[in-house]
Every structure is written in C-alpha cells, then in structure tokens.
Number of protein chains: 2
Amino acid sequence: MTLETAFGAVLRELRLRRGLSQEKLGFECGYHRTYISLLERGVHSPTINTVFILARVLRTTPSAIIKKVESKAPTVERR
Amino acid sequence: MTLETAFGAVLRELRLRRGLSQEKLGFECGYHRTYISLLERGVHSPTINTVFILARVLRTTPSAIIKKVESKAPTVERR
C-alpha cells in the first residue's frame with residue numbers, strides 16, 4: 001500500500017463515519033467532488049494545507065489523520 | 001502565522017536539533033538544499049509524502065511533526 005493509497009483509505013473511512021458524500025465533503029472544504037475522489041483513490045498526494053482543511057470539516061485533527069495513515073503505511077520510499 | 005510558515009519553523013527546529021545543515025538534510029531526503037530552504041521559509045506547502053520522508057530522516061514521526069505544526073497554527077483558512 002502506498003502512502004497515497006493509505007491516505008485515501010483513511011479519508012474515505014472518516015468521510016463515511018461522518019455520513020458525508022464526496023460531494024458534500026468537497027463542498028464543505030471548498031473542493032470539487034472529483035478532487036475528493038482523486039484523494040480517496042490515492043491518485044494525488046495532498047499537501048498539509050489540504051489535510052488541515054479536511055480535518056476541520058471531518059471534526060478531527062490533522063495529526064490524528066496522519067497517525068491513521070502511519071498505521072496503514074508505516075514506511076515510505078526515499079525519493 | 002500561516003500553516004506553511006508554521007511548518008517551516010517546525011522543520012527548522014527539528015533540523016537544527018539534529019545538527020543538520022539544509023544541504024545535509026536535503027541530501028538525506030533526496031531533495032535539493034534549496035527545496036529545504038523553500039519549505040523552511042514557508043514558501044511551499046509540502047505534500048504528506050514529503051512530510052513522511054522528512055520525518056524518517058529527522059527520526060521522528062509524521063504525526064509528531066504535524067502535531068507541532070498544529071500548536072503553532074491552530075486554524076487554517078478555508079479555500
């Protein structure tokens with residue numbers, strides 16, 4: 001599992017836990033639905049700014065999101 | 001303080017705590033020294049992939065870095 005895939009899975013879990021559609025989450029964040037979809041599918045690596053915005057809408061903290069990602073993808077490839 | 005500025009300050013603190021130059025940190029991460037400089041000056045918002053790579057070289061966890069950023073920049077502007 002890549003880091004992006006792990007992030008996408010965490011995002012999807014948190015979104016569903018809040019009972020939000022991709023469209024609703026996107027709207028609340030100021031993003032288009034398709035951007036949420038790209039993130040959930042692990043196509044795009046989010047910036048920390050995006051993580052902070054998502055965390056606020058999902059009523060969690062950015063560090064809590066990243067901690068969940070760590071548990072799914074403990075290592076990352078060196079560039 | 002913007003989120004990017006907060007991240008830059010945290011990165012600089014962690015780098016200096018490890019006694020690393022920007023050049024050395026960049027080398028260990030596979031980044032150019034000037035990219036580290038851009039991050040530390042808050043010019044660039046890193047992706048989570050970058051945070052994971054930096055955390056490994058700085059011998060901390062990505063979530064610990066993000067937690068420090070939260071304490072410096074508790075809110076973030078909606079896009």
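## A guided tour of chains A and B

Start by selecting A:Arg12, A:Arg15 and A:Glu40, which are joined in a network of salt bridges (a salt bridge is a side-chain nitrogen of Lys or Arg within 4 Å of a carboxyl oxygen of Asp or Glu). Before you move on, note that this is a predicted model, in which local features need pLDDT of at least 70, side-chain atom pairs count only at pLDDT 80 or more, and totals for chains, interfaces and linings use all residues. Residues are numbered from 1 along each chain as its sequence is written, chains are lettered from A and ligands numbered from 1 in the order in which they are written, and side-chain values use heavy atoms, with hydrogens and water left out.

**Stop 1**

Over all chains, the structure holds eight salt bridges. Side chains of opposite charge can pair when their charged atoms come close.

Select A:Lys72 and A:Glu13 next. Their closest N and O atoms are 2.9 Å apart, and the two form a salt bridge. A:Lys72 belongs to helix α5 (residues 62–72) of chain A and A:Glu13 to helix α1 (residues 3–17) of chain A, so this pair ties together parts that lie 59 residues apart in sequence. Helices here are DSSP runs (H or I, at least four residues), numbered from the N terminus. A:Lys72 is partly exposed at 32% relative accessibility, and A:Glu13 is partly exposed at 36%. The cut-offs are under 20% relative accessible area for buried, over 50% for exposed and in between for partly exposed (1.4 Å probe, protein chains only).

Now go to A:Lys24 and A:Glu28, whose side chains meet in a salt bridge at 3.0 Å, N to O. Both sit in helix α2 (residues 22–29) of chain A, and because they are four residues apart, about one helical turn separates them. A:Glu28 is partly exposed at 29%, and A:Lys24 is partly exposed at 39%.

Then select B:Lys24 and B:Glu28, another salt bridge, with the closest N and O atoms 3.0 Å apart. These two are four residues apart in helix α2 (residues 22–29) of chain B, so about one helical turn lies between them. Here B:Lys24 is partly exposed at 40% and B:Glu28 is partly exposed at 29%.

**Stop 2: two helices crossing**

Show helix α4 (residues 48–57) of chain A together with α5(A). Their axes come within 8 Å and cross at roughly 105° (axes are lines fitted to C-alpha atoms, for helices over the stretch in contact, and angles run from 0 to 180 degrees between N-to-C directions). The two helices are therefore roughly perpendicular, a label for angles of 65 to 115 degrees. To see the contact (heavy atoms within 4.5 Å), select A:Val51, A:Phe52 and A:Ala55 of α4(A) with A:Pro62, A:Ile65 and A:Ile66 of α5(A). By class, this contact has six nonpolar, no polar and no charged residues. Nonpolar covers Ala, Val, Leu, Ile, Met, Phe, Trp, Tyr, Cys and Pro, charged covers Asp, Glu, Lys and Arg, and the others, Gly among them, are polar.

**Stop 3: where the chains meet**

Display both chains. Here, 29 residues of chain A are in contact with 29 residues of chain B. About 2600 Å² is buried between the two chains, and carbon and sulfur atoms give 63% of that area. Buried area is the accessible area (1.4 Å probe) that two parts lose on being put together, summed over both. How many salt bridges are there between chain A and chain B? The count is zero.

**Stop 4: B:Phe7 and its surroundings**

Select B:Phe7, in helix α1 (residues 3–17) of chain B. B:Phe7 is buried, at 1% relative accessibility. Leaving aside neighbours within four places in sequence, its contacts are A:Ile48, B:Leu39, B:Pro46, B:Val51, B:Leu54, B:Ile65 and B:Val69.

One of these, B:Leu39, takes you to helix α3 (residues 33–40) of chain B, where the buried residues are B:Tyr35, B:Ile36, B:Ser37, B:Leu39 and B:Glu40. What covers the buried residues of α3(B)? The cover includes α1, α2 and α4 of chain B. Just after α3(B), look at B:Gly42, with a positive phi of about 70°.

**Last stop: two arginines**

Most residues other than glycine have a negative phi. Select A:Arg59, in the loop between α4 and α5 of chain A: its phi is positive, about 55°, although it is not a glycine. A:Arg59 is exposed, at 68% relative accessibility. Finish at B:Arg59, in the loop between α4 (48–57) and α5 (62–72) of chain B. Its phi is also positive, near 55°, and B:Arg59 is exposed at 65%.

Methods: Angles under 35 degrees count as roughly parallel, over 145 as roughly antiparallel, 65 to 115 as roughly perpendicular and the rest as oblique.
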